[in-house]
Amino acid sequence: MARPGVAEGKIRKRKDGVAKLKRAKGKSTFEDISVEGHCMGIQARAWRKPSQPANYDYASDAATAVIRAGKMRKKRRPPHGSLAWFYTGVSRKPGHVTTVIGRIRKRTIGNVDEVIGIVPLDYFHNYEYLGWC
């Protein structure tokens with residue numbers, strides 16, 4: 001079954017997207033892009049099928065699109081394989097996005113500084129948490 005708002009076959013299954021990110025753990029490039037500063041590109045390439053750019057300049061732009069589409073959730077803990085979204089900085093740009101992993105759902109995988117890493121969700125405590133989708 002496709003995820004809400006996404007056409008069948010256009011997004012990877014939860015286990016496949018998470019596995020793809022885990023295989024890249026510790027690497028400074030992900031599918032030929034630099035990891036540093038490219039959270040949106042990393043997540044798009046991890047989840048879109050076939051892998052492709054996000055077509056958003058910033059994670060905050062994509063987060064705004066998710067909000068406008070009514071797909072941003074905040075009321076309960078983000079499930080395994082969901083995307084957690086944040087605004088950063090005074091202008092809310094560039095924003096940040098990361099994939100939630102684990103049964104406890106308090107860890108994420110994505111770009112952490114210059115590499116793909118796994119960190120607690122609260123690692124991003126200085127950012128404005130928007131929710132998950």
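Is Y123 buried, partly exposed or exposed, and what is its relative accessible area? Y123 is partly exposed, with a relative accessible area of 38%, where buried means under 20%, exposed over 50% and partly exposed in between, using a 1.4 Å probe and protein chains only.

The model shown is predicted, so local features need pLDDT of at least 70 and side-chain atom pairs count only at pLDDT 80 or more, while totals for chains, interfaces and linings use all residues. Residues are numbered from 1 along each chain as its sequence is written, and side-chain values use heavy atoms, leaving out hydrogens and water.

**View 1. Aromatic rings of F86, Y123, F124, Y127 and Y129 are linked by ring pairs into a cluster.** Rings of Phe, Tyr and Trp (its six-membered ring) pair if their centres lie within 6.5 Å, and planes under 30 degrees apart count as stacked, over 60 as edge-to-face and the rest as tilted. By this rule there are five aromatic pairs. Among them, F86 and F124 form a tilted pair, 5.3 Å centre to centre with 45 degrees between the planes. F86 counts as buried at 2% relative accessibility, and F124 counts as buried at 5%. The rings of Y123 and F124 are edge-to-face, because their centres are 5.2 Å apart and their planes stand at 85 degrees.

**View 2. M40 is in contact with A54, A59, A62, W85 and V97, leaving aside its neighbours within four places in sequence.** Contact here means heavy atoms within 4.5 Å.
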